[in-house]
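Trainee: I have a model open beside its sequence, and I would like to learn how to read such features step by step. Could we go through it together?

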Amino acid sequence: MSSQSSVPWYDDFVGVAYRYYDLRMNVVPLFTERKEAASLWHDTIHPWVDPSIKIRFLELDDTYWFIMGSDTQKPDTNLSFFKELPKSENYERFKKGHGGEAYLRLGVYAKKSLDDVKKDAVCDCTHEAQDHDEGDGDVCLFNSCDCKKFSSFQVNLLKKKKILTDIKFLEEKDMKTDPLVWNCINANKLSKTK
């Protein structure tokens with residue numbers, strides 16, 4: 001967490017997921033612990049008024065910065081969030097399809113081993129759990145696959161959500177025109193290179 005600006009910056013989360021199967025697309029910052037996500041929602045995001053929430057995506061080559069912040073009635077618990085992430089197919093799909101609004105939710109990202117899943121769960125290697133040998137270190141049974149251990153993940157979304165309507169995608173040349181982006185980059189990137 002960086003506190004070189006008036007509002008502290010928070011980047012201690014795993015990443016951002018995008019969900020498409022709701023009335024609006026979902027932007028979901030991911031955490032490893034449910035308690036941490038619930039506390040951040042309660043203490044920081046719940047007091048945010050929906051129209052004041054800003055989400056910015058600053059694109060730099062093959063990566064982007066996820067930047068989120070808001071004004072609040074509880075300044076002592078306010079945070080702004082940021083994370084530099086690789087561009088992905090899901091990010092590009094969200095960018096093209098959000099239509100100017102989305103739901104903000106928090107989620108819990110949990111890694112799963114072969115013992116934690118059902119037989120039809122899919123491994124990172126794209127084969128199902130039933131195609132991995134439980135007696136041989138969970139190695140994939142497909143000859144063409146070099147997967148040595150079953151690994152998968154599960155994302156659980158918290159029920160509470162906010163409606164986002166202030167969503168912008170910016171390029172590096174635009175960063176000085178947006179105060180939220182400029183403050184984030186200045187506090188978390190430029191000040192560290194000096």
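Mentor: Let us begin with a cut-off that we shall need: a residue is called buried when its relative accessible area is under 20% and exposed when that area is over 50%, with partly exposed in between. Thr126 is exposed, because its relative accessible area is 60%. Please keep in mind throughout that this is a predicted model.

Trainee: Where in the chain is Thr126 found, and what is its phi?

Mentor: The general idea comes first: most residues other than glycine have a negative phi. Thr126, which is found in the loop between β8 and β9, has a positive phi of about 85° although it is not a glycine. Asp61 also has a positive phi, of about 55°, and is not a glycine either; its place is in the loop between β4 and β5, and because its relative accessibility is 72%, Asp61 counts as exposed.

Trainee: How should I read a helix, and which residues of α1 are buried?

Mentor: In helix α1, which spans residues 34-45, the buried residues are Ala37, Leu40, Trp41, Thr44 and Ile45. They cover an arc of only 110° around the axis, and therefore they lie on the same side of α1. The face turned away from that buried side carries the exposed residues Lys35 and His42.

Trainee: Which strands do the buried residues of α1 pack against?

Mentor: They pack against β1, β3, β5, β6, β7 and β10. Several of these strands return when we turn to pairing.

Trainee: Then let us turn to pairing; in what order do the strands of the open sheet come?

Mentor: The open sheet is formed by 5 strands in the order β1-β6-β5-β4-β11, with mixed pairing. Its edge strands are β1 and β11, each of which pairs on one side only. Within the sheet, β5 and β6 run antiparallel and are joined by 6 bridges, and the bridge partner of Trp65 in β6 is Glu84.

Trainee: Which way do β3 and β8 run, parallel or antiparallel, and what is the case for β8 and β9?

Mentor: β3 and β8 run parallel and are joined by 2 bridges, whereas β8 and β9 run antiparallel and are joined by 6 bridges.

Trainee: How is a pair of aromatic rings described, and how many does a search of the structure find?

Mentor: A pair of aromatic rings is described by the distance of the centres and the angle of the planes. A search of the whole structure finds 17 aromatic pairs. In one of them, the rings of Phe13 and Phe66 have their centres 6.2 Å apart and their planes at 80°, so the pair is edge-to-face. Because Phe13 lies in the loop between β1 and β2 while Phe66 lies in strand β5, this pair ties together parts that are 53 residues apart in sequence. Both Phe13 and Phe66 are buried.

Phe13 and Phe81 form another edge-to-face pair, 6.2 Å centre to centre and with 65° between the planes. Phe81 lies in strand β6 and Phe13 in the loop between β1 and β2, so here the parts tied together are 68 residues apart in sequence. Phe13 counts as buried because its relative accessibility is 4%, and Phe81 is buried with a relative accessible area of 1%.

Trainee: Which residues do ring pairs link into a cluster?

Mentor: The cluster takes in Tyr10, Phe13, Tyr18, Phe31, Trp48, Phe57, Tyr64, Phe66, Phe81, Tyr91, Phe94 and Phe169.

Trainee: Is Arg105 buried or exposed, and what does its side chain contact?

Mentor: Arg105, placed in the loop between β7 and β8, counts as buried because its relative accessibility is 9%. Its side chain makes a polar contact of 3.4 Å with the side chain of Asn26. Leaving aside residues up to four places away in sequence, Arg105 touches a list of residues that includes Asp22, Trp41 and Leu157.

Trainee: Finally, how is the chain divided into domains?

Mentor: Domain 1 takes in 9-110 + 153-189, and domain 2 takes in 114-150. Taken over C-alpha atoms, the centres of domain 1 and domain 2 are separated by 33 Å.

Conventions
Residues numbered from 1 in each chain as written. Predicted model: local features only at pLDDT ≥ 70, side-chain atom pairs only at ≥ 80, totals over all residues. Heavy atoms only, no water. Buried < 20%, exposed > 50% of the residue type's maximum accessible area, 1.4 Å probe, protein only. Helix = DSSP H or I, 4+ residues; strand = E, 2+ residues; numbered from the N terminus. Arc of directions from axis to C-beta. Contact = heavy atoms within 4.5 Å. Polar contact = N/O pair within 3.5 Å; in protein donor to acceptor, adjacent residues only side chain to side chain. Domains from an automatic or database assignment. Pairing = 2+ DSSP bridges. Phe/Tyr/Trp six-rings, centres within 6.5 Å; stacked < 30°, edge-to-face > 60°.
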